[in-house]
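Keep the structure open in your viewer and follow the stops below.

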Amino acid sequence: YFYPLKGSSVEITYYYNTTDLSQVYNDAKDSVVVITGSVLQYTFFRQQYSTVQGSGFVYEYNEDMVVITNKHVVDEAENIVVTFSDGDGYPATVIGSDAYSDLAVLSVEAPIEEFQPLDITSSSTLQVGDPVVAIGSPFGLGGTMTTGIVSQLGRTIEDSVAGSFPIANIIQTSAEINPGNSGGPLLNYQGDVIG
């Protein structure tokens, strides 16, 4: 405890979190999707398909609805299916990707009412300590939210999962991220995608 000297004044500032995290989740949950696909793998004796799974989010680009995810989620995947929060799944096609940012863009053959796009905002004003929310499908459990802070900015990683490409300007976060979260959005407390 700190006790001020007699006759001195101390200014105390209290910070309250007035953000309703359940509202951030409710506003974003229908925009986050589960992505599955099959990847052909070769073993010494045979070839077999394995299932890949990750997350993604809906975005409106030039009046087209697309799904954004990580490239490593859909890299070499066949029979890609995007499943929305209502449980309906639709075939998807990779229409663009970039290994150096580990991003992929998908076109999904779904009715327009399935698409609830999120807004993307610049991450250039982020600071270490800013609160963040991650929504995704860790271990295939859709609609999972974790919270944390921006732990550091401008990191560069080279991850074998992402194809051994160096990926620059990474936002490091303390929000818990598990297998299956890949491709899901990192949001600020206003519900905008920042990463």
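Strands are DSSP runs of E with at least two residues, numbered from the N terminus. This is a predicted model, in which local features need pLDDT of at least 70, side-chain atom pairs count only at pLDDT 80 or more, and totals for chains, interfaces and linings use all residues. Residues are numbered from 1 along each chain as its sequence is written, and side-chain values use heavy atoms, with hydrogens and water left out.

Select strand 9 (166-173). With 7 residues, strand 9 gives the most to the lining of the largest pocket. A pocket here is an open set of points on a 1 Å grid over the protein atoms alone, where a 1.4 Å probe fits, with protein on both sides within 12 Å along at least five of seven lines; lining residues have an atom within 4 Å of a point.

Next, show Asn70, Ile170, Ile171, Gly184 and Gly195, which lie nearest the pocket centre among the 40 lining residues.

Now turn to the salt bridges (a side-chain nitrogen of Lys or Arg within 4 Å of a carboxyl oxygen of Asp or Glu). The whole structure has 2 of them. Select lysine 71 and aspartate 75, whose salt bridge spans 2.7 Å from N to O. Buried means under 20% relative accessible area, exposed over 50%, and partly exposed in between (1.4 Å probe, protein chains only). Lysine 71 is buried at 17%, while aspartate 75 is partly exposed at 37%.

Finish at lysine 29 and aspartate 30, where the closest N and O atoms of the salt bridge are 3.5 Å apart. Lysine 29 is partly exposed at 29%, and aspartate 30 is partly exposed at 32%.

Definitions and conventions
Helix = DSSP H or I, 4+ residues; strand = E, 2+ residues; numbered from the N terminus.
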